[in-house]
Amino acid sequence: MDRLTVEERVKIIKCYYKNGDSAISTIRALRADYGRHNRPTQKLEEAGSVTDIVRPVHHRNIRSAENTAVVAQSVEEARIRRFTDVLNIWVTAERPQHPEKVIVLWSGGVIGQFAVNLLYVRGHKTDIVFHFNPRLALRYIVRNSRFNNSWGEEESTSVEKFHLNRNKTFELQIVTTDHEFLAALDGRHICAYVHRTSLEKVNKIEVDGAIDVESLNQQQVEAYPLVSSRQNPFMVPMAASDGDTFINQQLVVPVTAQLPTSLKPGCQLEIMGRVKILPSAFYINLQDGNTLWPHPMIPLHLNPRFCK
């Protein structure tokens, strides 16, 4: 609506006082001069005032490369979450509790928090025998069990540093022994979880959360952890005749290395390192094989302890 002129405003006010401060009488009086459809009477009928009507203005957000990237990421995360929320992979587990069975999950990428659950489903009731829940924001992995809708005590310590990252692929292995679950990421053992109930009850597996699953399968194994295609095994180099070694790199512990030949009388193995600040202990094993299960023979266990 167009703005009123000063003359029109003065005329309306005079007419208002002349008609006994009545808006209705003023509108009727103004129609004689302006007609039924006119600016002064229309404004007075709509707002009851001769002042200009302030209408809300919608300001458009400024489009920028940063805003576009944020919106694109938000849409992608929402799409993946919707997909994984309805994913809930239910696979009838063929006796996963047997020691020779391993469950292998391949992921094309992780977006946020997710969980792998081994379940005991009976009718409308579900118990979680083993809950494996990486927390990316806190950078640790929670293990727990839930029976009769009651969670037990959480476990979160690991032998490996947390190395799961958003949008990065990974391989998860879960092996069940006689008394515990063993879990490995990309072929490296990270934790164990002692059974809190009979494994004969496990009959389902569930994968849920903000994760993109490429495959989920079960297979027979004779040793754990399985050698991952993402893992590069380390071979201990032989020293040259002049005593110099071929290695000059820092290894991430825990590390399992393969000796080039079996040890014989007169062999010398050199390990150089630096003890960290405020240490508790460390150990070096000379063992037969590089598996964690079945447990290898350890002819020599060297374990310096700083807390005693």
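1. Aromatic pairs. In this predicted model, the count of aromatic pairs comes to 5. One of them joins Phe130 and Phe181, whose rings are stacked, at 4.6 Å centre to centre with 10 degrees between the planes. This pair links distant parts of the chain: Phe130 belongs to strand S3 (residues 125-135) and Phe181 to strand S7 (residues 180-185), 51 residues apart. Phe130 is buried, because its relative accessibility of 1% is under 20%. Phe181 is also buried, at 2%.

2. A tilted pair. The ring centres of Phe282 and Phe306 lie 6.3 Å apart and the planes meet at 35 degrees, so this pair counts as tilted. Here too, distant parts of the chain are linked: Phe282 sits in the loop between strand S11 (257-258) and strand S12 (284-288), while Phe306 is in the segment after strand S13 (297-302), 24 residues apart. Phe282 is partly exposed, with a relative accessible area of 36%, and Phe306 is partly exposed at 41%.

3. Aromatic cluster. Phe130 and Phe181 also belong to one aromatic cluster, together with Phe132 and Tyr193.

4. Surface patch. Ile13, Tyr16 and Tyr17 form a nonpolar patch on the surface, and their accessible area together is about 310 Å². Tyr17 lies in helix H1 (residues 6-18). Its relative accessibility is 59%, so Tyr17 counts as exposed.

Methods. Residues are numbered from 1 along each chain as its sequence is written. This is a predicted model: local features need pLDDT of at least 70, side-chain atom pairs count only at pLDDT 80 or more; totals for chains, interfaces and linings use all residues. Side-chain values use heavy atoms; hydrogens and water are left out. Patches are made of residues with over 30% relative accessible area and no salt bridge: like charges are joined within 9 Å, nonpolar side chains (Val, Leu, Ile, Met, Phe, Trp, Tyr) within 5 Å. Accessible areas come from the Shrake-Rupley method with a 1.4 Å probe; for residues, only the protein chains shown count as cover. A salt bridge is a side-chain nitrogen of Lys or Arg within 4 Å of a carboxyl oxygen of Asp or Glu. Helices (H or I, at least four residues) and strands (E, at least two) are DSSP runs, numbered from the N terminus. Buried means under 20% relative accessible area, exposed over 50%, partly exposed in between (1.4 Å probe, protein chains only). Rings of Phe, Tyr and Trp (its six-membered ring) pair if their centres lie within 6.5 Å; planes under 30 degrees apart count as stacked, over 60 as edge-to-face and the rest as tilted.
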